[in-house]
Amino acid sequence: MEHELMNIKNNAVSLILETKSREEVEETRVQFLGRNGTLTQAMKEIATLPKEERPEVGKLANEIKEIIEQMLTDRASSLASEKTSSKASTLDVTEPGVKPPLGHLHLITQAIEEITGIFSHLGFTKVRYPEIEWDYYGFTALNFPDDHPARDDWETFFIRQEPDIKKGGVILTPHTSSGQVREMERHVAMNPKDINIKMLNIAKCYRRQSDVSHTQMFHQFEGLVVGEGISITHLKGTLDYFVKSYFGPNRVSRIRPYHFQFTEPSFEVDVSCGVCNGKGCRLCKEGWLEMGGSGMVHPNVLKYGGIDPKKYTGFAFGWGVERVLMMKEGIEIDDLRLLYSNNLEFLEQF
Amino acid sequence: MNIKILDSWLREYLTTDAKPKEIAKNLSLTSISIERTEKWQSDLLYDIEVTTNRPDLMSVVGLAREAAAVLPQFHTKAIFHAPKLTTPVKQEKGDIKFRIKNDPKLVDRICAVVMEVNVKTSPKLIKDRLESTEIRSLNNLIDITNYVMRTIGHPTHVFDFDRLETESLTIRESKKDEVIETLDGKEYVLQGGDIVAEDQNGRIVDLLGIMGLKNSVVTEQTKRILFFIDNMNPKKIRKSSMSLGIRSEAAQLNEKGVDPELAYDALLFGIQLYKELAEGKIVSEIIDIYPNKPKERTITVTDEKIQTVIGVTIPLTKAEDILRSLGFSVQATKTSVSAKVPSWRASEMEIGEDLIEEIARVYGYHNLPSLLPPLVSDEPLQISRDPFFWETRVKHMLKYWGFTEIYTYSMVAEELLEGPLNEAVILRNPLDEDHVYMRKTLVPSMLQVLSENKAYKNVRLFEIANVYEKNGKNLPIERRKLAGIIKHSHASFYDVKGIVEQLGADLGIRFSFKAAKELVGADVYLEKENIGTIEELDDEIINFELNFETIIAHATLRKKFTPLSKYPAIIEDLALTVDAETPTGEIIDEIKKQSPLIRDVSLLDKYKNKRTFHIVYQSDTKNLSNEEVAEIREKILATLQKSQ
C-alpha cells in the first residue's frame, strides 16, 4: 500500500511539472484529487487495511495529498507569472497614453482663483458690483471733483444715455473702487451700528487706452476693510501677507507716498523685483516693481457710504490682475494685449 | 508726470551729506518716487515721478526744499537754500507804458516786464541743464523761460515786444472758430473758451498757459522782450490743452495748479538771468496784477486721530517738527496740532487726514509694523448660494472636458452685435470702431476667435461673462452667461447636448430641451424658463449659450440618499418599431409610464424606424420573476410597437 502511494506521488509530481497551462494543472488536480482521483481512490482503500496499519498509511497518504496540493498551487502561480512576463516583453511603455480631455483655464482666471484663495484665508468676502455704473459710484462718491481729469472723455468710457439727475451719467467702471460705496451701503443696510467690512471685489474694468502695457478691458482686484481702529499698520500687514503668498516668501513689499482722490493718506505699493532680488535691473526701478495703489479710505468716501468717519477708519487697495500676473516669475509677456488676443497657441500654454 | 533733475543742480539749493543713492531711496520712501538714477556726463540724473497733487515738486527749488525736510529723518544733515532774488530798484525801471487788461475770472495773477536784450546762444551750463531735463536749448531768450520754469516751478513766457505792435494786451476767452498758429508753426481752430491774449488790433498773440504764438515769438532779430508770467484757472488749461492736443510742459504744469506766490519769484529770477545772460535792461514798469490771492488755511487734527489712522503712537512734538520742516506754521495744544498750510501746498491740503499723511510719510511708513486686520465677519458663508463657488466649479468642469477658456472684449463691433442697434448699450466715446457696442451675446465673439484660429481643426472653447441690456433710464442690466463652442469634423448636436446635461447633473439640476424655432438646435429649459440655446451652425460647429445666473440659482449641494436595493435588477434590450418622426424622449417617457418597476430607460441604437432601448427593471421589495418582467414588456410593446 505504501508502495502504491509513493507511485501515485511520483506520478503526480512528474505530471504536474509537465503541465503547460492552468487548465492542465486543473486537469491534473482532478486526476489525482478529484472525487474519482487516483489518490482519493487509494485513500478509500486504507479502510480495508488491518487496523494496526491504518494510522501509519493514513498519515503517509495525507502527507502525499498535501505535497500534491502544494505543488499544484505553486505550478499554477508560476505559470501565471510566466504569462505576465511574456506580455511585458511586448508592452511599449514609451507609446503615448490615451489621454482624458484636458482644456485650459485662462491665465486671468488662474490668477483670480489664486488671489481669491489668499484673501478668503484672511476672511475677505467676495462681491460683485455693476460693470456699467453710475458716475456717482465711479467718481462722485469716491471724492473725485467734477472736473477731475479721470472724468474726461479721454480717459473713461461713457455710455450713450441720458444722465440721472442724482447719479449722473453712465460709465464703464474704470476701477473696482466703484464697488466701495456700494459695499458700504450694503453693510449700513445690514447693521448700521456695527460696521465690519472686509470686501474683495474682482472685476472687469475699462479705460480708454491701448498699448503694450494697457488694454481697453482689464481686471482689478479691490480690497476694502472698514471697522473701528483700522490703521495703516493693517494695510501693511495685509499687503505683506498677499505679497508673500502670491509671489513667494522671498519677495518683500513696501508702501510709499502717492496720491489718489479716494484715499488719504495714499500709497503706492512696490514689490521687490523677482528677477534681480531687489538689487536693481533693467526690468525694475531700483529693485522695485510697482504693484498699484492703496490708502486709508478718505473720510468723504466713508460719509458717502453712510459711515461715520469719526468712529470708523478703513483702508482700500485696487491692483491690476494683469499687473500682478506679469510680475510673477516665468510669465514675462512683452505685450499685454496678447492676453485678450485669444490666440490658441498662447492659451494652450497654460 | 516725470521730471529729470541733475544732482549738481539740486545741490545748488541743498546742502547735504546724503549720497545720490540715499537721496533717491529716501525721497522715494517718504516723498516722491525717484524711479531711477542714471549717469549723465560726469553728473548724475534723477528720474522723478511727481504725483499730480505735488506740482510744487516739479522744480529744483521745490525738490530741494522737500529733500531738506525729509532727509534728516534718516539722520543725514540737509539744509535748503532758497534762491536769492532781489527786487529791481526804482531807477532801473524804464518809461515804456504797457498795460494789461486782465479778466480776474480767467487769470489769478500776471507778472510782466519789458526788457532790452541781446539774443545769442546760452552758456554751456544752462544748455546742459536744460538738455538733461529734456528741454531743447534754442537761444538765451527762450532758454531762460524754461530754466526759470524748471528752477522755480512756474511756467513763463517771452514775447518779442516789438512784434506785438501794441501797448496793451487784453485777456479774454477765445471764441469758437478763431484760428491761431502756435510758435511751432501748427495751426489750430479754437473751440471757444480758451484763455487768450489779444493785442489792441484784436489779433490773438498768446494761448495763455499752454503755448506762445508764431506772430509774437522771439526771433534772432529780437531787441526787446515782454517777459510774461501768468497764473490761471487749471481747469480751463486742462480743457484747452486736451481738446487742442497741445501737451506742452507749461500746460501740464498749469493744469495741476501752480502756486501764484511763485509767479513773482519767477519774474525776479528771470530778470536776473536776462541781465546776466542777455545784457538785459528793464525798460518798463514791473507789472504785478494779482486779483485772486489764495486764502490762507489752517488745519487742526487731534492726537487721537493721528494715532488711530497711523496705528502707532507718534509724540505730538515729533508731529510738530515734521510739519514745521515741511513749511507749515504750527501751533499745538496737549491733544491736537494746528498747522497753517504753506502757499505751495494750498491747493491740496484741506482736512486733518492731509496733515496725518504728512506726519506719517515723513515719520516713515517703513517704520510702521505690519499687522493683520482682525478677523471679523458676521456674514455666514453659504457656499451653495455663492455664485463664485459655482462659477469656479463650472469652469473647472469644462476644463476637464477639454474646453479652453477665452476672455473676449465686452465691447464689440457692429457686425458682432446681435439684435437692433437702437436696443444696444452704446459707448459715447469708443477708442476704436471694433469696440463700440456692449455685447448682447457671447457666441459671436467665440466665432470670431474660431475664425482667427483657422488652423485648429479640433477646438472646444468656453467663456463666462456678462452681456448687457438697455434698461430705460436705469443702469443697463448685466446678465452673466455661459457660452461654449465645439468644432470638429462631423460634430454632433448630441455632443453639446450631453455636455449641457452633464453640467446640469453635476449641479443637481435637470434641463429639458425643445426644438428651437429659428435655428437648427434646441431651446434649453430649466423648469418653465427658457435659459438658452444649443445651436448647430454646420457639420463642424455647434455652440451653446446659457443664462448662468438662473443655472446657479437652481444649483444645489443637497444630496439625497436612496436605500441600496437588496434585489438584483433585470436588464434587457428591447427593439421597437415606431414612427420615424417620433422623438425618442417621448418614447422613453412613455416606456417609463408603463410600470414603476422600470428604473431606467436609455436609447441603445437607432436605425430608420427601429429603436433599441436598454431597460432596467428592479423592485425594492422582491426578486423580479421572468414572468413579471415579461408582463411589463408586453405592456410596452402593446403601447408602443407600431404594427408593420
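**Close-up views of a predicted model**

**View 1. Helix α10 of chain B meets helix α12 of chain B.** On the α10(B) side, the contact is made by B:K305, B:I306, B:V309 and B:I310. On the α12(B) side, the partners are B:G352, B:E353, B:I356, B:I359 and B:A360. Sorted by class, this contact has six nonpolar, one polar and two charged residues. The model shown here and in every view below is predicted.

**View 2. The crossing of α10(B) and α12(B).** Two packed helices are described by the angle between their axes and the distance between the axes. Here α10(B) covers residues 303-310, and α12(B) covers residues 352-363. Their axes come within 10 Å. The crossing angle is roughly 65°. Which hand does the crossing have? α10(B) passes α12(B) in a right-handed crossing.

**View 3. An open sheet of three strands in chain B.** Strands of a sheet pair through backbone hydrogen bonds, either parallel or antiparallel. In this sheet the pairing is antiparallel. The strand order is β22-β24-β23. Which strands lie at the edges? They are β22 (411-412) and β23 (425-426) of chain B. Each of these edge strands pairs on one side only.

**View 4. Strand β22(B) beside strand β24(B).** β24(B) spans residues 437-438. Two bridges join β22(B) to β24(B). The two strands run antiparallel. Look for B:V412: B:Y437 in β24(B) stands opposite.

**View 5. The contact between chain A and chain B.** How many residues does each chain give? Chain A contributes 72 residues, and chain B contributes 73. On the side of chain A that touches chain B, helix α8 of chain A (residues 232-247) supplies the largest share. That share is eight residues. The residues on this side of chain A divide into 29 nonpolar, 21 polar and 22 charged.

View 6. Of the 644 residues of chain B, 39% count as buried. Now take the contacts in chain B between residues at least 6 apart in sequence: 67% of them join residues at least 24 apart.

Conventions. Residues numbered from 1 in each chain as written. Chains lettered and ligands numbered in written order. Predicted model: local features only at pLDDT ≥ 70, side-chain atom pairs only at ≥ 80, totals over all residues. Axes fitted to C-alpha atoms, helices over the stretch in contact; angles between N-to-C directions. Helix = DSSP H or I, 4+ residues; strand = E, 2+ residues; numbered from the N terminus. Left-handed = near helix turned anticlockwise from the far one by under 90°. Contact = placed C-beta atoms within 7 Å. Nonpolar A, V, L, I, M, F, W, Y, C, P; charged D, E, K, R; others polar. Buried ≥ 20, exposed ≤ 12 C-beta atoms within 10 Å, placed from the backbone. Pairing = 2+ DSSP bridges.
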